[in-house]
Amino acid sequence: MSIATPQLRLPVTPTPGPVRERTLRPLERPQPRRRPKLAFAIIALAGAALIGIAQMALSIATTQDSFVVAELTQQQRELTWQAQAIEESIAGASSPQVLASNADSLGMVVGGSPSYLRLSDGALIGMGTAAGWNSTVNPNGWSAVPNALVSDTPPVAGATAPTGDVQPVVEEPALPPVAQGLPSPTTR
């Protein structure tokens, strides 16, 4: 290392070079104005008109589709209400109270204690007697509790008191299946 101190140098500034002359000059007379071409104007106006027509057509189509969607939504709501009404009527028709009432009107009676047949040796386990003509349960009697869901459900058609002969049972028309649901409208 040297003990000598370096000399301080001043920053170098660039020296101005030759000055350029301005090349701008005023015009003696203005350039003649060119006439716009008619084809460009027609193309620009036609393009603007086509854009306006396309926008109006899209707006009309969107508005029409919103009305269709609103109508289909209302139709879906009504179908849902109908499905709920059908499910309630099925629930009422398959209630134990209606089944017991229909069984009573067909002449069925509640049996006593159950009897079983053991298949291994053919032994009868239980009382082994037939049910009597009078039932211990009267679903249509004074002790029956009224049910608003089944108040308008008619009894089984063709039901009469038993006479000992087998009577044909007239079946009610089957209700539409509800497990799959009602058809719903499809939208785009």
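What follows is a quick chat about a predicted model.

Q: What does the secondary structure of the protein chain come to?
A: There are 2 helices and 2 strands. Along the sequence the pattern is α-α-β-β.

Q: How much of the chain counts as buried?
A: 6% of the 188 residues.

Q: What share of the contacts comes from residues 24 or more positions apart?
A: 63%, counting contacts with a separation of 6 or more.

Q: Confidence next. What does pLDDT average over the chain?
A: The average is 77. At least 70 is reached by 76% of the residues.

Q: Which elements have the lowest and the highest mean pLDDT?
A: Helix 2 has the lowest, at 82. Helix 1 has the highest, at 92.

Q: Where does pLDDT stay under 50?
A: Over residues 161-170. The model has 8 contacts for that stretch beyond four places in sequence.

Q: Back to helix 2. Which of its residues are buried?
A: Helix 2 covers residues 96-105, and its buried residues are Val-98, Ser-101 and Asn-102.

Q: Why do they count as being on the same side of helix 2?
A: Because they cover an arc of only 95 degrees around the axis.

Q: What covers them?
A: The cover includes helix 1, residues 38-93.

Q: What follows helix 2?
A: Gly-107 follows helix 2. Its phi is positive, near 95 degrees.

Q: How far is Val-98 from Ser-151?
A: In space, 9.4 Å, C-alpha to C-alpha. In sequence, they are 53 residues apart.

Q: Where does Ser-151 lie?
A: In the segment after strand 2, which is residues 124-125.

Q: Is Ser-151 buried or exposed?
A: Exposed. Its relative accessible area is 61%, and the cut-off for exposed is over 50%.

Q: Let's switch to the strands. Where is the place of Leu-117?
A: Leu-117 is in strand 1, residues 116-117.

Q: Buried or exposed, that Leu-117?
A: Leu-117 is exposed, with a relative accessible area of 55%.

Q: Which residues form a nonpolar patch with Leu-117 on the surface?
A: Leu-119 and Leu-124. Together with Leu-117 they have about 370 Å² of accessible area.

Q: On to charges. How many salt bridges does a search of the whole structure find?
A: The search finds 1.

Q: Which residue forms a salt bridge with Asp-121?
A: Arg-118 does. The closest N and O atoms are 3.0 Å apart.

Q: What lets such side chains pair in general?
A: Opposite charges can pair when the charged atoms come close.

Q: Where does Arg-118 lie?
A: In the loop between strand 1 and strand 2.

Q: How accessible is Arg-118?
A: Arg-118 has 39% relative accessibility, so it counts as partly exposed.

Q: What does Arg-118 touch, leaving out residues up to four places away in sequence?
A: Ala-123 and Ile-125.

Technical notes
Residues are numbered from 1 along each chain as its sequence is written. This is a predicted model: local features need pLDDT of at least 70, side-chain atom pairs count only at pLDDT 80 or more; totals for chains, interfaces and linings use all residues. Side-chain values use heavy atoms; hydrogens and water are left out. Helices (H or I, at least four residues) and strands (E, at least two) are DSSP runs, numbered from the N terminus. Buried means under 20% relative accessible area, exposed over 50%, partly exposed in between (1.4 Å probe, protein chains only). Contact means heavy atoms within 4.5 Å. The arc is that of the directions from the helix axis to the C-beta atoms. pLDDT is the predictor's confidence in each residue, from 0 to 100. Patches are made of residues with over 30% relative accessible area and no salt bridge: like charges are joined within 9 Å, nonpolar side chains (Val, Leu, Ile, Met, Phe, Trp, Tyr) within 5 Å. Accessible areas come from the Shrake-Rupley method with a 1.4 Å probe; for residues, only the protein chains shown count as cover. A salt bridge is a side-chain nitrogen of Lys or Arg within 4 Å of a carboxyl oxygen of Asp or Glu.
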